[in-house]
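Here is a walk through one complex, chain by chain. Keep the viewer open while you read.

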Amino acid sequence: MFKPFTLQARLGMAGALLAMLLLPAVTADPYVMHVMVLAMIFGIFASAWNLVTGFAGLKTFGHHAFFGLGAYGSALLAMHLGLSPWLTIWLGGLIAAAAGLLIGTPILRIRSMPHVAIVTLGFAEIVRICVANLSGLTRGEMGLWGIPQFEGLTLPYFGKVSFTPADKVSFYYLALALTVLMLFVIVRLMRSKTGLAMLAMRDGEDAAESLGVNLTRMKLMVFGLSAFIVGIAGAFYAHYLSILTPASAVGVDLMISIIAMVLVGGLGTISGPLVGAVVLTVLIEAMRDLENYRLLGYGALIVVIVMFLPKGLVTLRDRFFPRPQET
Amino acid sequence: MNLAIFLEQILNGLISGSMYALIGSGIALVYGTMRVLNLAHGEFYMLGGYFTFYLIVQFGLPFWAAIPLAVALAFLLGVLIQKLTIEYLIVRDNWVFTTIAATLGLSIVLQNAALLIFGERFNSVPYYVSGVMVLGDIRLPWQRVLIFVVALVTIAFMTWLLKYTRIGWSIRATSQDRDAAEVVGIPVRRVYMICFGLAAALGALAAAMLAPINAINPWAGIPILLKGFVVVILGGLGSFPGAIAGGLLLGVVEAVGVQLTSSEWRDVISFTLMIAVIWWRPWGLFGKK
Amino acid sequence: MATETPLIEVRNVDVVYGNYQVLWDVSMETQAGQITAVLGPNGSGKSTILKAIMGLTPVRAGKIILDGEDITNRPAHEMVARGMTMVLERRRLFTGMTVYENVMLGAYHPSVQKHARDRLEWVESLFPIIAERRDQIAGKMSGGEQQMVAIARALMSKPRLLLMDEPYLGLTPRIVQQIADIIRKVNGEGIAVIFNEQNVKLSFGISNHGYLLESGRVMLSGTGEEMMNSDVIRRVYLGE
């Protein structure tokens, strides 16, 4: 069950948040900011995938479709309808959520994990091919560039805040705000009746059914929420980088990275996906010269973690700082 | 469209279909016996292609020697991978998820290892037989006819193996009831190894036959895996005969479908078809509940 | 009871599934040619102990000794060569294969392959259905027919020891009687049998001695008569 956070956990979270808030004061180096923004985008993606795979126990492999739908959806709405990215990222999320509900319905009828894996991979491929082929709309493999960035704001105390490519720090704080918001939503969900039922479902479907829980509707809702969050991450990505390609936004490589991050951090934990995202993104950037080995590394990492450290890095913490036993 | 061209398309469809059948049957074999979905199956195809390429182009072997050798190498590779990873995972918790995740990771490792070792150049080998077979108004390159013949022979061989040999019986028994197989003395772990090796061999054979036609490159396995999925979904995930039927059907449907739409949408059509089948008949078009 | 070396000996065996211990310090033995019943209600562990003996379930502690040889935690597929085989709960035939293929698979192992033909004849004499329905797909047969095929398959390796997990489960009284007769006949040829069953009276119709398990522990053991007259059995089963 989802226990209330221990004092240790609260201190840890507060410490991490503080560190993140103060980082730009220590170094506003645009490169460092860029890496952290990416890490947070992937962190949001990873946490949302973990919601479905780790908490709801529904093992899917096609979430990169939602990232791409959110990214392209938001970008195209902003470009063709002249809407503000502040609005379109939510619309992008909604598009992704709709797709999530659409594909979620058949997936939930299927009990067999291999079938779900196949359907989700197939679905993501369909999305990728559509995005690549509808080049009239999306510019296809040539890439969609010139995506509008967030318009500037005027904040009390801070004054004018702009989001041009030179303002990495603004993006950093925006990403941080989104990350915190998303975490808040996920924790609230897991603490609610729905969340508890979900964990019961993950650990033993029959028991949950006997409690009179409408499993299918619940799983579908969670799936849709997860798709929504991933869509927003994708939309943010689009308006941050200002350029999208089918490979970067809907490619399997993206999903591989996310899987590696979640497994490394710890599937089915709250902090695991974020830890994994930060660790891997930073690690990869630190080893820039080894770009060629990046994917190879992710793949090997997945194999090694799944075989030898299936609960991820976060459980190592449990060995050094043992938590009080649950009854 | 005149009849000859239509028939030619159907025949071409059957030929591609026979290759799909070989590929899909490998996935079905492994899933049927071990209930493991091997996401690295496409890489057996990719590596089979590279083995063939190196044996023929670098070592100068004639194709009829290179191909069996490449297939044998793939068999050994399959056995090795099974022993090193799958065997370890399959007896532990959550094996359904961990085997899918591990084979996914393995797939990426193999693709990128191939990239690093072999480079990103697209390679091919010369045709094994030249010339065109002419039957009335129908023209088929002999290379393609050879592909079809080899596929048929292989399918016949596998069917004979499964129905009449000790190994075949042990494979079928293990896939139908693992405990009962153990109880009658079938060494189930060895059966798993053999199945994995066979699956790799079948994938490599398809690659070897297609080497003169399709480019050999590190990512060749990706579309192959996806194609293989469609095949086994049509035929029923664990069914060897289903995969054969599914493969042939897919080949013909694609050949006909390409006449109606352009080829860039071909995969969208087959994946949508696949998802529809999973929704309506998850046990496959030919399988039983 | 003669005090010779038992054919099979289970010594202080513990079995654990995940976090649950299902067998606690279980000990039992069977002499060659004996029929032993393992009794107990659902969840008593009577099925688990047979699986542990066969090697289908790992043993956490204790030893299992077959004819002097320690077979603890050896894989199940090695048992046929050692003269032990099992009829699994709910038959567990190869449902996609024919009766003939199922039965012949009983003689799959090289060590028992040699006299397969003779044994097929013997098995056909015990179960006429084997010859009659040779080419029928096993999955399409009734429960009772499947049970006959399952026993026939196990007998093909002419085992010294036959384990039977709930041989009567889900079968009509007439079939149950037929199977009891088969067990007697088979035992008459020198094959030891260990079977488990919930129904006490049914068990002691054919077995020489038995063990009573409750919640994973051996509560009682003895000859048929001793057990039928015991208060423990009366309490647990016969409601007296």
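**Chain by chain, then inward**

Of the 289 residues of chain B, 55% are buried. Buried means that 20 or more other C-beta atoms lie within 10 Å of the residue's own; 12 or fewer make a residue exposed, counts in between make it partly exposed, and C-beta atoms are placed from the backbone. The model is predicted: local features need pLDDT of at least 70, side-chain atom pairs count only at pLDDT 80 or more, and totals for chains, interfaces and linings use all residues. Residues are numbered from 1 along each chain as its sequence is written, while chains are lettered from A and ligands numbered from 1 in the order in which they are written.

Stay with chain B. Its secondary structure comprises eleven helices and two strands. Helices (H or I, at least four residues) and strands (E, at least two) are DSSP runs, numbered from the N terminus. In sequence order the pattern is α-α-α-α-β-β-α-α-α-α-α-α-α. The radius of gyration of chain B is 19 Å, close to the 19 Å that the globule rule gives for 289 residues, so chain B is as compact as a globular protein of that length. That radius is taken over C-alpha atoms, and the rule is 2.2 Å times the number of residues to the power 0.38. The C-alpha trace of chain B spans about 60 × 45 × 35 Å along its principal axes. Take the contacts in chain B between residues at least 6 apart in sequence: 77% join residues at least 24 apart. A contact requires C-beta atoms, placed from the backbone, within 7 Å.

Chain C has ten helices and ten strands. Its radius of gyration is 17 Å, close to the 18 Å from the globule rule for 240 residues, so chain C is as compact as a globular protein of that length. Along the principal axes, its C-alpha atoms fill a box of roughly 50 × 40 × 40 Å. Of the 240 residues in chain C, 44% are buried. Among contacts in chain C between residues at least 6 apart in sequence, 67% join residues at least 24 apart.

Chain C is assigned domain 1 (1–83 + 159–240) and domain 2 (93–158). Such bounds come from an automatic or database domain assignment. The centres of the two domains of chain C, taken over C-alpha atoms, are 24 Å apart. Their contact takes 13 residues from domain 1 and twelve residues from domain 2 of chain C. On the domain 1 side, helix 7 (residues 173–188) of chain C gives the largest share, five residues. That side of domain 1 divides into ten nonpolar, two polar and one charged. Here Ala, Val, Leu, Ile, Met, Phe, Trp, Tyr, Cys and Pro count as nonpolar, Asp, Glu, Lys and Arg as charged, and the others, Gly among them, as polar.

How do the chains meet? Two pairs of chains touch, and the most contacts are between chains A and B. No contact joins chain A and chain C; their closest C-alpha atoms lie 14 Å apart. Between chains B and C, 21 residues of chain C are in contact with 15 residues of chain B. Strand 6 (84–87) and helix 2 (99–105) of chain C each supply at least two residues of the chain C side. By class, that side has twelve nonpolar, six polar and three charged residues.

Beyond its neighbours within four places in sequence, B:Ala204 is in contact with residues including B:Phe44, B:Phe51 and B:Ala74.

Finish in chain A. A:Gly104 sits in helix 4 (residues 85–109) of chain A. With 24 C-beta neighbours inside 10 Å, A:Gly104 counts as buried. Not counting residues up to four places away in sequence, A:Gly104 touches A:Leu220, A:Phe223 and A:Gly224. In helix 7 of chain A, the buried residues include A:Phe171, A:Leu174 and A:Ile186. Among the elements that cover the buried residues of this helix are helix 1 (7–26) and helix 10 (215–241) of chain A.
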